[in-house]
Amino acid sequence: RTYELSEVFVVGTKGTIDPIEGLNLKGELAYQFGTIKDSALSTPAVPAPGDAVVDSSGDSRTRSAWAVDLDGSYSFKDVKWTPNLGLGYSFRSGEEAANDGEYELWEPLFTDQVRGEIAKVAFNGFNAGNTSNCHIVGGSLGVKPIEKLLVKADYYHTWLDEKVVETATRAAKTGLADEVDLSLVYNYTEDVTFGLLGAVLVPSNSYKSNFDDTAYETIGSVKVNF
């Protein structure tokens with residue numbers, strides 16, 4: 001959708017601390033404000049079904065959106081295979097269907113703020129549940145069985161902050177998906193790295209029964225630095 005006016009201002013704060021050796025904790029809080037305006041909403045005020053910017057009262061709305069990231073990791077430096085355990089939580093506020101008050105959808109500004117290799121493609125739209133309108137709890141475990149090889153497993157449980165509009169494929173519920181990513185990264189030399197990724201995503205109850213097939217992905221990669 002093309003807007004006549006879309007102003008986004010972001011203020012935030014973040015911090016990190018290492019309370020004990022091997023443990024890192026970090027957090028970030030951000031707030032978006034500004035104005036979003038589209039004269040097409042008032043002449044006439046009949047936006048497309050499911051439009052996230054429904055506004056029956058006029059053609060201008062005030063932004064008010066929040067984002068939170070909390071992460072912690074612990075490295076077992078004196079343990080065989082040097083395991084690293086991580087836990088995290090992410091929140092991006094969403095827009096309630098038919099809301100004509102403050103525009104509460106978090107506007108995604110940085111595409112690398114995603115969780116899950118499949119989810120970042122499947123849920124990358126506005127209000128879709130990865131970079132906006134989401135709660136995401138994640139965990140990771142990485143080990144190095146040999147010096148040059150990193151083996152890592154990531155798990156993400158995602159649910160929506162606001163229910164989506166019910167359609168033929170979607171239900172007005174908040175469950176979104178669970179994803180598991182398994183990856184191997186082998187540093188052959190300082191300049192050459194080989195990678196192998198396998199991912200599985202299982203949709204949850206916001207997808208209706210005939211549209212909730214499990215998704216799979218496998219990627220092999222070679223990275224060369226010149």
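Trainee: Let's start with Arg63 and Glu107: buried or exposed?
Mentor: Bear in mind this is a predicted model, where local features need pLDDT of at least 70, side-chain atom pairs count only at pLDDT 80 or more, and totals for chains, interfaces and linings use all residues. Residues are numbered from 1 along each chain as its sequence is written, and side-chain values use heavy atoms, with hydrogens and water left out. The scale runs from buried (under 20% relative accessible area) through partly exposed in between to exposed (over 50%), using a 1.4 Å probe and protein chains only. On that scale, Arg63 and Glu107 are both buried.

Trainee: How far apart are the closest N and O atoms of Arg63 and Glu107?
Mentor: Side chains of opposite charge can pair when their charged atoms come close. A salt bridge here is a side-chain nitrogen of Lys or Arg within 4 Å of a carboxyl oxygen of Asp or Glu. Arg63 and Glu107 form one, and their closest N and O atoms are apart by 3.2 Å.

Trainee: What is the volume of the largest cavity?
Mentor: Rolling a probe the size of a water molecule over the atoms shows where empty space is left. On a 1 Å grid over the protein atoms alone, a cavity is a set of points where a 1.4 Å probe fits but cannot get out, a pocket is an open set with protein on both sides within 12 Å along at least five of seven lines, and lining residues have an atom within 4 Å of a point. Grid points are joined across faces, edges and corners, and a volume is the space filled by probe spheres set on the points. The count gives one cavity of 30 Å³ or more, and the largest has a volume of about 40 Å³.

Trainee: Which strand gives the largest share of that cavity's lining?
Mentor: Arg115 turns up again in the lining, along with residues including Phe123, Tyr156 and Leu201. Strands E7 (149–159) and E8 (175–187) each supply at least two lining residues. The largest share, three residues, comes from E8.

Trainee: What about the largest pocket: which strand gives the most to its lining?
Mentor: That pocket has a volume of about 920 Å³, and of its 42 lining residues, the closest to the centre are Asp71, Ser140, Lys152, Asp154 and Tyr156. The lining divides into 12 nonpolar, 18 polar and 12 charged residues, where Ala, Val, Leu, Ile, Met, Phe, Trp, Tyr, Cys and Pro count as nonpolar, Asp, Glu, Lys and Arg as charged, and the others, Gly among them, as polar. With seven residues (it spans 134–146), the strand that gives the most is E6.

Trainee: How many residues has the largest nonpolar core?
Mentor: Such a core is a set of buried Ala, Val, Leu, Ile, Met, Phe, Trp, Tyr and Cys residues joined through side-chain atoms within 4.5 Å. Members of the largest one include Phe123, Leu176 and Tyr207, and E8 and strand E9 (192–203) each supply at least two of its residues. The size of this core is 11 residues.

Trainee: Asn133 and Thr82 have a positive phi without being glycine; what is the relative accessibility of Asn133?
Mentor: Thr82, in the loop between E4 and E5, has phi near 40 degrees and is partly exposed at 37%. Asn133, in the loop between H1 and E6, has phi near 55 degrees. Asn133 counts as buried, with a relative accessibility of 0%.

Definitions and conventions
Helix = DSSP H or I, 4+ residues; strand = E, 2+ residues; numbered from the N terminus.
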